[in-house]
Amino acid sequence: MRADVVQPFVLAAKDVLEAELGGEVGRGSVKVEQGDFTVGEVTAVVGVTGALSGAIMFRMSEATALAIVGQMMGQKFDELDALA
């Protein structure tokens, strides 16, 4: 998938996280990968079908995922359990 096609997904994810977390969100680098890859500790996958097909993967550390879910839920989480 081309990087220019991915950019709207990145911006949408950033907008949603900023709205849910009530503050500015930073991000790491954006890159297009094909084939096997090394995943981060937590990866959210968004499938794309239609004129283009593929998957957008948002990777983050477990600490980042715990901080996000803790802020969204209004409580501290020490692990990514069923509620988190």
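## Largest pocket

Ala, Val, Leu, Ile, Met, Phe, Trp, Tyr, Cys and Pro count here as nonpolar, Asp, Glu, Lys and Arg as charged, and the others, Gly among them, as polar. By that scheme, the lining of the largest pocket holds 16 nonpolar, 8 polar and 5 charged residues. The model is predicted: local features need pLDDT of at least 70, side-chain atom pairs count only at pLDDT 80 or more, and totals for chains, interfaces and linings use all residues. Residues are numbered from 1 along each chain as its sequence is written, and side-chain values use heavy atoms, with hydrogens and water left out.

A pocket is an open set of points on a 1 Å grid over the protein atoms alone, where a 1.4 Å probe fits, with protein on both sides within 12 Å along at least five of seven lines; lining residues have an atom within 4 Å of a point. The volume, about 1000 Å³ for the largest pocket, is the space filled by probe spheres set on the points, which are joined across faces, edges and corners. The lining has 29 residues; Val10, Ser29, Met57, Phe58 and Arg59 lie nearest the centre. Two or more lining residues come from each of α1 (3-21), β2 (54-60) and α2 (62-73). β2 gives the largest share, 7 residues.

## Fold and hairpin

Helices (H or I, at least four residues) and strands (E, at least two) are DSSP runs, numbered from the N terminus. The chain has 2 helices and 2 strands, in the order α-β-β-α. Its C-alpha atoms fill a box of roughly 40 × 25 × 25 Å along the principal axes.

β1 (residues 42-48) pairs with β2 in the antiparallel sense, over 7 bridges. Strands count as paired if DSSP finds at least two bridges between them. Val45 has Met57 in β2 as its bridge partner. The two strands form a hairpin with 5 residues between them, and Gly50 in the turn has a positive phi of about 125°.

## Helix α2

The expected span of a helix is 1.5 Å times one less than its number of residues. For the 12 residues of α2 that gives 16 Å, and the end C-alpha atoms are 16 Å apart, which agrees. Gly74 follows α2, with a positive phi near 75°.

Buried means under 20% relative accessible area, exposed over 50%, partly exposed in between (1.4 Å probe, protein chains only). In α2, the buried residues are Ala65, Leu66, Ile68, Val69 and Gly70. Ala63, also in α2, is exposed at 56%. Over the chain of 84 residues, 17% are buried.
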